[in-house]
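This report is meant for someone meeting the structure for the first time. Please look over the sequence and the model before reading on.

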Amino acid sequence: LGKCYVLCALMFAYTVFPIGLNVFLAWFNKVLLEMGLSFPLIVGITFGTGVLAFLLPPVPGLTVYVFGGLMMSSTCPYGFWAGAFINIGLGWALKLFACAIQQKIIGGLLGQSLWVRRTCGV
């Protein structure tokens, strides 16, 4: 019965979390636009937010990419298309950076754990 509760909680998180994240990122977009920050600072904040979002398992990648697209295209001083291409490069770098963190930092540290090695049969 306990496993059923855990499974239900995970299903609930995977269903509700992306919707709540969309609401949060829409609010965050509005806050950043109202603050009038410089474009490089907005790119840095978007990168940091994206990396944190990619490290959370229930966050879909599409939400992160759409948030970046909205931020870059609406705040880029060089126009919409330049912001769109900057977002493509930023999304690519975000995904690579998040994967590197997951594999080298998280996986590397967990790979040294005796419990993890025993569980995996290594």
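The model is predicted, so local features are given only where pLDDT is at least 70 and side-chain atom pairs only at pLDDT 80 or more, while totals for chains, interfaces and linings use all residues. Residues are numbered from 1 along each chain as its sequence is written, and side-chain values rest on heavy atoms, with hydrogens and water left out.

**Overall fold**

The protein has five helices and zero strands, where helices (H or I, at least four residues) and strands (E, at least two) are DSSP runs numbered from the N terminus. Along the sequence this gives the pattern α-α-α-α-α. The C-alpha trace spans about 55 × 30 × 20 Å along its principal axes. The radius of gyration of the protein is 18 Å, whereas a compact globule of 122 residues would have a value near 14 Å; this radius is taken over C-alpha atoms, and the globule rule is 2.2 Å times the number of residues to the power 0.38.

The accessible surface comes to about 8,300 Å², and carbon and sulfur atoms hold 76% of that area; such areas come from the Shrake-Rupley method with a 1.4 Å probe, and for residues only the protein chains shown count as cover. Of the 122 residues, 28% are buried, a word that stands for under 20% relative accessible area, with exposed for over 50% and partly exposed for values in between (1.4 Å probe, protein chains only). Among the contacts with a separation of 6 or more, 66% are between residues 24 or more positions apart, a contact being heavy atoms within 4.5 Å.

**Aromatic pairs**

A search of the whole structure finds six aromatic pairs, for which rings of Phe, Tyr and Trp (its six-membered ring) must have centres within 6.5 Å, planes under 30 degrees apart counting as stacked, over 60 as edge-to-face and the rest as tilted. One of them joins Phe47 and Phe97, whose ring centres are 5.5 Å apart and whose planes meet at 50°, so this pair is tilted. Because Phe47 lies in helix 2 (residues 39–54) and Phe97 in helix 4 (residues 80–111), the pair ties together parts that are 50 residues apart in sequence. Phe80 and Trp81 form an edge-to-face pair, with 5.1 Å from centre to centre and 85° between the planes. Ring pairs also link Phe24, Trp27, Phe28 and Phe67 into a cluster.

| Residue | Relative accessible area | Class |
|---|---|---|
| Phe47 | 25% | partly exposed |
| Phe97 | 40% | partly exposed |
| Phe80 | 47% | partly exposed |
| Trp81 | 62% | exposed |

Val6, Leu7, Leu10 and Tyr14 form a nonpolar patch on the surface, and together they have about 410 Å² of accessible area. Patches are made of residues with over 30% relative accessible area and no salt bridge, like charges being joined within 9 Å and nonpolar side chains (Val, Leu, Ile, Met, Phe, Trp, Tyr) within 5 Å; a salt bridge is a side-chain nitrogen of Lys or Arg within 4 Å of a carboxyl oxygen of Asp or Glu. Tyr14 lies in helix 1 (residues 2–35) and is partly exposed, with a relative accessible area of 45%.

Pro58 lies in the loop between helix 2 and helix 3 (61–75), and at 19% relative accessibility Pro58 counts as buried. Leaving aside residues up to four places away in sequence, Pro58 touches Ala13, Tyr14, Phe17 and Pro18. Ala13 lies in helix 1 and is partly exposed at 30%; the C-alpha atoms of Ala13 and Pro58 are 7.2 Å apart, although 45 residues separate them in sequence.

Is Thr46 buried or exposed? Thr46, which is found in helix 2, has a relative accessibility of 2% and counts as buried. Not counting residues up to four places away in sequence, Thr46 touches Phe67, Gly68, Met71, Met72 and Leu90.
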